[in-house]
Amino acid sequence: MEQNRSILLCGVGGQGTVLASKLIAYAAMKQGLDVRTSETIGMAQRGGCVVSHVRVGREINSPLIPRGSADLLLGFEPAEAVRCLPYLRRGGTAVVSRAPISPVTASLSGSSYDGEEMLAYLSAQVKNLIVLDTEEILAACGSPRVLNIALLAAAAKSDALGITPDQLRAAVCERLPEKFHALNLGAIDYICGR
């Protein structure tokens, strides 16, 4: 990572958003870079919003990303990506999961939510948009618990993350318990090849 980078991760509780931000931070620190992070967690254990700010580079003073200046938006859920879109800079990259998570309000009102309207909006607004068919990826990997690693791998493969797939692999092996290595490395290999 040769330049300062601001990465905003957004999803709902239980998707691994915070762990993903910690893996980015660890991989960047291994490169000798300054890192600042901050999380905003709203009823995360009940499927509420989770937003993580990660700023990486040289002489990073604040953990919070100003609106319109994130280089990368990692959207773990389409509606959350739309909600956080104002943080993405013009020309920035968004990597978003296609799989929607219906909010409690939709369930209570009887309305449906399939995420396609949100993805269409993102497609119209973001030139550098990568939409992952995460249901297919999670099925191929055999676990829903690799969503965060799949999104990180896609961002690493696109060069938008500033961390290579090999640096991501190293972070997984050094920061996660050994019993989770094969599963998470398999997700990286599925996205990036080996």
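Visitor: Leaving aside its neighbours within four places in sequence, which residues is Ser97 in contact with?

Guide: Good place to start! In this predicted model, Ser97 is in contact with Gly75, Phe76, Pro78, Leu119, Leu132, Thr134, Leu147 and Leu151. Contact here means heavy atoms within 4.5 Å.

Visitor: Why is Ser97 called buried?

Guide: Set the value against the cut-off. Buried means under 20% relative accessible area. Ser97 has 1% relative accessibility, so Ser97 counts as buried.

Visitor: And where in the chain does Ser97 sit?

Guide: Ser97 belongs to strand β5, which covers residues 88-97.

Visitor: What makes the pair of Ser97 and Ala99 a polar contact?

Guide: A polar contact needs a pair of N or O atoms within 3.5 Å, one able to donate a hydrogen and the other to accept it. A polar atom of the Ser97 side chain lies 3.2 Å from the backbone nitrogen of Ala99. That distance falls within the cut-off, so the pair can be called a polar contact.

Visitor: Let's turn to His53. How do you know whether His53 is buried or exposed?

Guide: We use the cut-off again: under 20% is buried, over 50% is exposed. His53 comes out at 5% relative accessibility, so His53 counts as buried. You can find His53 in strand β3, residues 49-57.

Visitor: Which backbone nitrogen does the side chain of His53 reach?

Guide: The His53 side chain reaches the backbone nitrogen of Ile65, at 3.0 Å. Ile65 is also among the residues that His53 touches, not counting those up to four places away in sequence.

Visitor: Now the whole chain, please. How many helices and strands does the protein chain have?

Guide: The protein chain has 8 helices and 6 strands. Reading from the N terminus, the order is β-α-β-β-β-α-β-α-α-β-α-α-α-α.

Visitor: Why is the protein chain called as compact as a globular protein of that length?

Guide: Its radius of gyration is 16 Å, and the globule rule gives 16 Å for 194 residues, so the chain is as compact as a globular protein of that length. The C-alpha atoms fill a box of roughly 50 × 35 × 30 Å along the principal axes.

Visitor: What percentage of the residues count as buried?

Guide: Of the 194 residues, 49% count as buried.

Visitor: How far apart are the mean positions of the positive and negative charges?

Guide: For 19 positive and 18 negative charges, the mean positions are 6 Å apart.

Technical notes: Residues numbered from 1 in each chain as written. Predicted model: local features only at pLDDT ≥ 70, side-chain atom pairs only at ≥ 80, totals over all residues. Heavy atoms only, no water. Helix = DSSP H or I, 4+ residues; strand = E, 2+ residues; numbered from the N terminus. Rg over C-alpha atoms; globule rule 2.2 N^0.38 Å. Buried < 20%, exposed > 50% of the residue type's maximum accessible area, 1.4 Å probe, protein only. Lys, Arg positive; Asp, Glu negative; His and termini not counted. Charge placed at Lys NZ, Arg CZ, Asp CG, Glu CD.
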